[in-house]
Each structure stands twice: as C-alpha cells, then as structure tokens.
Amino acid sequence: MASAGWLVCFIRSGAAACWARHLPTAQLPSVDFQDYASTFADCTLALALLGLLVYLSRIAPGLRGVAGWGWGHFGYTVGAALRGIASADLQLGPAPQSVELLVLAGAVLACCCLATLAWSAATFVRQRALAPRHRLALCAVAAAAVSATLAAHLSRNWVLPQAVQTATEMVMLSWIAWELRRLQRHPWRVPARTMQAAALALTLLYALEWLANSRQLPEQFLVNSFWLHLDVSLWFLLNFCMLMLGSFRAIESYQRTANVDPLTGLLNRRGLQAALGAHADGRPRVRGEPDGLAMLAFDLDHFKRINDSLGHEAGDRVLRGVARCLGGCVRSDDLVARLGGEEFLVVCAEIELAAALQLAERVRSQVAALQFAGLPPQLQVTVSVGVARGVRGEWNAVLRSADAALYQAKKQGRNRVEAAADPEPALRKP
C-alpha cells in the first residue's frame with residue numbers, strides 16, 4: 001500500500017505543472033473552482049514527495065542532492081501552477097495587479113527551481129560540491145531567465161514568460177541528462193539511463209512546444225490528451241528514478257557505515273573481510289608484479305596503562321593518532337583496519353616480503369615519534385608488528401601467520417618488527 005501511495009504522489013505532483021506548462025498562453029482556458037482545487041491537491045502531493053526525499057536524506061547522513069531535488073521539484077510545480085492559473089485569469093479581461101504579479105512570481109519561481117533541479121542532480125551524481133564554474137553557469141542561466149521574465153512583466157507581454165520557462169526547461173533537462181552519464185556502476189546504471197531517456201524526451205517535447213508557441217507549428221499540436229499524458233509520465237519517471245537512485249545511495253551509505261570503525265574511520269573487521277574478498281578475486285595491477293599479499297599485524301604496547309592512568313578519552317586520542325599515522329604511511333590501495341581494541345591490520349597487495357618489512361619498520365618508527373598532549377614520557381606509545389605474506393586466496397592462513405609473528409614481537413621485548421617463521425607458507429610449492 002505504501003508503494004502505491006508513492007506512485008500516486010509522483011503522478012499527481014506533476015499534473016499541475018503539465019497543464020500549466022503545456023498549453024500556449026493564448027489558448028489557456030478559464031479557470032473554475034475545480035481547477036483551483038486540483039492545483040491545490042497537486043501542490044499538496046508535491047509537498048508529500050518533498051517529505052519523502054527529505055526523509056531519505058535524513059536517514060542517510062552525507063547523502064547529497066536528494067533533498068535539493070525535492071525542493072526544486074516542489075517549487076517548480078508551484079511556480080508553473082501559479083503562472084498558468086494567473087495567466088488564464090488575464091485572458092478573461094482586465095485583472096488586478098496582484099494577478100500580474102502572480103504571473104511574474106510563478107515564472108521566476110519555476111525557472112529558479114529548474115536550476116535547483118539541475119544543481120541537485122549534478123550534486124547527487126558527484127556526491128560533492130559543484131565546481132565554481134558549474135555553479136556560475138547554472139546561476140547565469142537562472143539569472144538570464146529571471147531577467148527575461150522581468151522584462152516581459154514590464155512590457156506586459158504575457159506570452160514571453162511561457163517561452164522563457166520552456167527554454168529554461170530545455171537547458172536544465174539537457175544538463176541533467178548530461179550529468180547522469182557519470183553513473184555507470186551497478187545498480188545505478190539502469191535507473192540512471194532511464195532517467196536520462198526521460199529527460200531527453202521531455203527536452204524534445206518542450207522543443208516542439210517552443211515551435212508551437214512561436215507559430216511554426218499549429219497551436220493545437222500539443223493541446224491534446226496524448227501529449228498531456230506523455231508529459232505526466234515522463235516527469236513520473238524522472239522522480240521515480242531519483243527516488244530509486246537515492247535509495248541505492250542510502251543503502252550504500254549504510255553499508256559503508258557498517259564497515260567502518262566509528263572512532264578511527266578505518267575499516268572494521270566486517271569491512272576488512274569484505275575488502276579481502278575483493279582482493280582475493282582481483283588481479284595484479286601490472287604484469288610482472290608479484291601476485292600475493294602481505295599482512296602487517298600491529299598491536300599497541302602497554303595500551304592498558306594509558307587507559308588506566310589517563311582515562312579512555314586519552315586512549316581514544318592515541319588510537320586516532322595511530323590510525324592517522326598508519327593511513328599516512330601506506331599506499332593508496334592498501335587496506336587499513338582496526339580489528340578491535342588496540343589491534344590494527346594493514347593488507348598490502350602485490351608486494352614483496354622485503355618491502356612489507358620496510359613498511360612495517362617505517363610505521364613502527366613513526367608511531368614511536370608521535371607526541372600526544374598530556375601523555376607523560378613513561379607512557380610513550382609504541383607498537384609491535386608481525387609480518388607474513390601469501391597468496392590472496394589464502395588470506396586466513398596469512399593472517400594467522402602475521403598474528404603468530406606479532407606474538408613473537410611481544411615476547412621478544414615489544415616495539416619491534418618480526419616476520420613469520422614461515423612468512424610465505426601459501427606461496428610454497430608442495
């Protein structure tokens with residue numbers, strides 16, 4: 001039942017904009033109470049769609065663009081409806097200045113919210129802030145549309161706002177289709193391609209509308225139920241696909257959160273297992289590189305003393321500092337995880353044992369050089385490291401070897417690096 005309610009929200013939320021957008025201004029019919037009631041219902045349902053998208057952005061922290069799309073669509077629906085109804089009233093004869101201002105306000109709101117839709121779509125696809133040049137381009141298009149609408153209001157030309165809105169729709173929908181090309185991965189690819197097709201079809205539809213309004217096509221060309229239903233259906237597809245894409249992004253956000261240690265931002269044990277599975281199925285980056293992985297197991301020496309002497313807040317600062325040190329020492333494609341407590345693990349693919357030992361020694365020396373405010377010299381932070389190497393498909397055996405080497409490092413005095421007694425057991429031939 002909930003899914004059916006969403007579909008109704010999507011379809012109805014575009015209806016007012018379609019009727020107002022679709023008819024040439026000169027052909028707009030008179031508006032009776034039923035028209036006003038229908039428009040009010042459409043805007044209310046657009047508000048419900050906005051609520052769904054805002055809710056989606058709230059339950060997925062860091063998800064960009066979804067709420068902005070909802071606000072843009074709601075404003076566009078309201079603006080197009082205001083302009084359409086007020087323009088229809090002007091066709092009935094002299095109207096109060098407030099009606100003329102409604103035409104102006106509706107056209108300006110619709111154009112600005114179209115820019116918001118394009119901005120939000122680009123932000124959603126990239127999941128980061130837009131580059132200054134892109135922000136400037138969108139603002140320039142919106143400013144040009146608003147300026148043309150103001151000029152139409154001053155000249156009392158009630159046809160021009162419709163033409164400006166149509167041109168803005170064509171530009172912004174083309175921008176949205178262009179941005180969506182970036183979504184290539186599964187499961188985003190199918191809804192993104194569907195959304196692209198809907199945006200391009202709407203662009204074509206509004207291009208035909210432009211020709212009809214400029215008298216290059218008969219005015220009755222778009223004034224029929226087929227074009228109205230097509231317009232509604234295409235906007236339905238756009239909004240439905242955006243909700244699908246937003247849901248996929250939200251799921252990804254939850255998965256990422258479930259795989260990350262909240263204190264250090266490193267992978268947790270679950271995230272490490274998933275990433276190790278990808279390593280096992282991977283291929284060497286460059287031909288001729290060793291097809292294997294090395295594991296470096298780290299454990300902070302006497303960490304319990306820090307917690308007992310200075311409290312867990314000081315211990316958390318130490319853990320975060322060590323995590324930053326590990327992240328700064330490894331390569332960009334190495335895995336760094338916190339297995340729990342004061343235990344960390346680094347996984348390096350396609351690396352020789354000698355290079356792995358050098359990396360472990362570099363991390364050990366840099367951790368020993370770390371300085372923490374409020375930490376006395378007798379509580380200096382050091383780590384013991386165990387190193388093992390093997391093939392990617394046998395990472396459980398490699399991890400056991402690295403843990404055994406770590407135990408030897410602890411046993412032999414701590415603050416040292418030890419290689420496994422048989423550091424490459426999985427690489428030996430029977």
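**A helix and the sheet beside it**

Mentor: Let's start with helix α13, whose buried residues pack against β1, α12 (312–329), β3, β4 and β5 (417–419). Keep in mind that this is a predicted model.

Trainee: Okay, which residues of α13 are buried?
Mentor: They are Leu353, Ala356, Leu359, Ala360, Val363, Arg364, Val367 and Ala368. Looking down the axis of α13, you find these buried residues within an arc of 165°, so they line one face of the helix.

Trainee: And what is exposed on the other side of α13?
Mentor: Ala354 and Gln358 are exposed there.

Trainee: How many residues does α13 have, and how far does it reach?
Mentor: Helix α13 covers residues 353–368, which is 16 residues, and spans 23 Å from its first C-alpha to its last. That is close to the 22 Å expected at 1.5 Å a residue.

Trainee: Now the sheet. In what order do the strands come?
Mentor: The order is β2-β3-β1-β4-β5, in an open sheet of five strands with mixed pairing. At the edges are β2 (335–340) and β5, each pairing on one side only. From one strand to the next, the twist averages 20°.

Trainee: Which strands run parallel, then?
Mentor: β4 and β5 pair in the parallel sense, over three bridges. Val387 stands opposite Ala419 in β5.

Trainee: What about helices on the sheet, which strands does α13 touch?
Mentor: α13 packs on the sheet and touches β1, β3, β4 and β5, with its direction at about 165° to that of β4. Helix α14 (residues 395–411) also packs on the sheet, touching β1, β3, β4 and β5, and its direction makes about 150° with that of β4.

Trainee: Let's look at β1. Why is it described as largely enclosed?
Mentor: Eight of the eight residues of β1 (residues 293–300) are buried, so the strand is largely enclosed by the rest of the structure.

Trainee: Which way do its side chains point?
Mentor: Leu293, Met295, Ala297 and Asp299 point one way from β1, while Ala294, Leu296, Phe298 and Leu300 point the other way, and all are buried. In general, side chains in a regular strand alternate between the two faces of the sheet.

Trainee: How many bridges does β1 make with β3?
Mentor: Seven bridges, with β1 and β3 (residues 343–349) in the antiparallel sense. Phe298 stands opposite Phe344 in β3. With β4 (residues 383–390), β1 has eight bridges, also antiparallel, and Met295 has Ala388 as its bridge partner in β4.

Trainee: Back to β2. Is it mostly covered or mostly open, and what is buried there?
Mentor: β2 is mostly covered, with five of its six residues buried. Five bridges join β2 to β3, and the two run antiparallel. Ala337 stands opposite Leu345 in β3.

Trainee: And what happens in the hairpin of β2 and β3?
Mentor: There are two residues between the strands, and Gly341 takes a positive phi near 60°.

Trainee: Last topic, the whole protein. How many helices and strands are there?
Mentor: There are 14 helices and five strands. Of the 430 residues, 49% count as buried. The accessible surface comes to about 20,500 Å², and carbon and sulfur atoms account for 60% of that.

Trainee: What about contacts across the sequence?
Mentor: Among contacts between residues at least 6 apart in sequence, 76% join residues at least 24 apart.

Definitions and conventions
Residues are numbered from 1 along each chain as its sequence is written. This is a predicted model: local features need pLDDT of at least 70, side-chain atom pairs count only at pLDDT 80 or more; totals for chains, interfaces and linings use all residues. Side-chain values use heavy atoms; hydrogens and water are left out. Buried means under 20% relative accessible area, exposed over 50%, partly exposed in between (1.4 Å probe, protein chains only). Helices (H or I, at least four residues) and strands (E, at least two) are DSSP runs, numbered from the N terminus. Two strands pair if DSSP finds at least two bridges between them. Contact means heavy atoms within 4.5 Å. Accessible areas come from the Shrake-Rupley method with a 1.4 Å probe; for residues, only the protein chains shown count as cover. The expected span of a helix is 1.5 Å times one less than its number of residues. The arc is that of the directions from the helix axis to the C-beta atoms. Axes are lines fitted to C-alpha atoms, for helices over the stretch in contact, and angles run from 0 to 180 degrees between N-to-C directions.
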